[in-house]
Every structure is written in C-alpha cells, then in structure tokens.
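Subject: Structure handover

Hello,

Here is the structure for you to look through. My notes on the strands and cores follow below it.

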Amino acid sequence: MTQEHVTARVPTEYHVCAADDVAERDRVLIDAGGVEIGIFKVKGKFYAYENRCVHQGGPVCRGDVLGRWEEHLDEGGQVVGADFSTEHIDIACPWHGWEYDVETGKNIADPRFRLRSFDVVVRDGDIFITIP
C-alpha cells in the first residue's frame, strides 16, 4: 500500500490597481504568482483572463480590443451592409488574430474554445483577482 499526500490549493487574491486607473475598453496586465493576467474593462465591468491564447499560446491580452465586424443580411441571405458592433467587444490575439468575446472569453468563431478566466471583484475602489 502506498501513502499519498494530498495538497489542497488555497485560492490566492491579488491586488491589481485602482478601478479608476483602467479606462473603458482598455486593460492592465499583471503577474499573479507566475501567471500573467489581463484585466479588461468593458461596459463598466471587469474581466480577467490568462494572457495565453488557446490557439498557439500567444499573448492574447496584449491584442487589440475592438468591436465585432458584423454583416447585415437581407431576407435572401445577401450581404447588404456591415459595420463594427459596439455591442460585442472582442480581444484579437496579436499572433494569429484569433478573437475572443471579452465578456465570455469564448472564441467568436468556435465557442468550444475559451480563455482561462479568473474571478474579479472591486472592493473599496480597487480591483482584486483570485487565482484558484
């Protein structure tokens, strides 16, 4: 019979910065226990993701934050126009352009792929994230 040791991981909270220091549709990057994390502000809410694209590990959180290009179709399915949506805000990985919805972390082309997310809280005007 072998003896096993089980080590429980204790969630760790990290202070990020003052909430007012992050502009709308911008981000800050921090190192939290050896994990680089991007914290984004979109529509007044904060979202945190590991700075690692699920495609090939690129620094996704350093990519552009932009509206989603949406085509408008007529009843027959023909494109009649297009524009950048401000309803959906995405992050585009600078390596190969994989895009993720900032509010969900899901890849916009294939939602089976999503960024690793972390809990974010704003307390007394400061942002904190928790690494499980």
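Two strands pair if DSSP finds at least two bridges between them; strands are DSSP runs (E, at least two residues), numbered from the N terminus. The model is predicted, so local features need pLDDT of at least 70 and side-chain atom pairs count only at pLDDT 80 or more, while totals for chains, interfaces and linings use all residues. Residues are numbered from 1 along each chain as its sequence is written, and side-chain values use heavy atoms, with hydrogens and water left out.

β5 and β6 (residues 79–92) pair in the antiparallel sense over ten bridges. Within that pair, V65 has I91 in β6 as its bridge partner. Both strands belong to an open, antiparallel sheet of three, in the order β5-β6-β7. Its edge strands, pairing on one side only, are β5 (64–73) and β7 (99–101).

Another open sheet has six strands, in the order β1-β9-β8-β4-β3-β2, again with antiparallel pairing. Here the edges are β1 (12–18) and β2 (26–32). Five bridges join β8 (residues 117–123) to β9 (residues 126–131), and V122 is partnered with I127 in β9.

A nonpolar core is a set of buried Ala, Val, Leu, Ile, Met, Phe, Trp, Tyr and Cys residues joined through side-chain atoms within 4.5 Å, where buried means under 20% relative accessible area (1.4 Å probe, protein chains only). The largest such core has 16 residues, and V16, I30, I37, I39, I127 and I129 have the most contacts inside it. β1, β2, β3 (35–42), β4 (45–50) and β9 each supply at least two of its residues. A second, separate core of 14 residues includes F40, V60, Y100 and V102.

Regards

Note on methods:
Helices (H or I, at least four residues) and strands (E, at least two) are DSSP runs, numbered from the N terminus. Buried means under 20% relative accessible area, exposed over 50%, partly exposed in between (1.4 Å probe, protein chains only).
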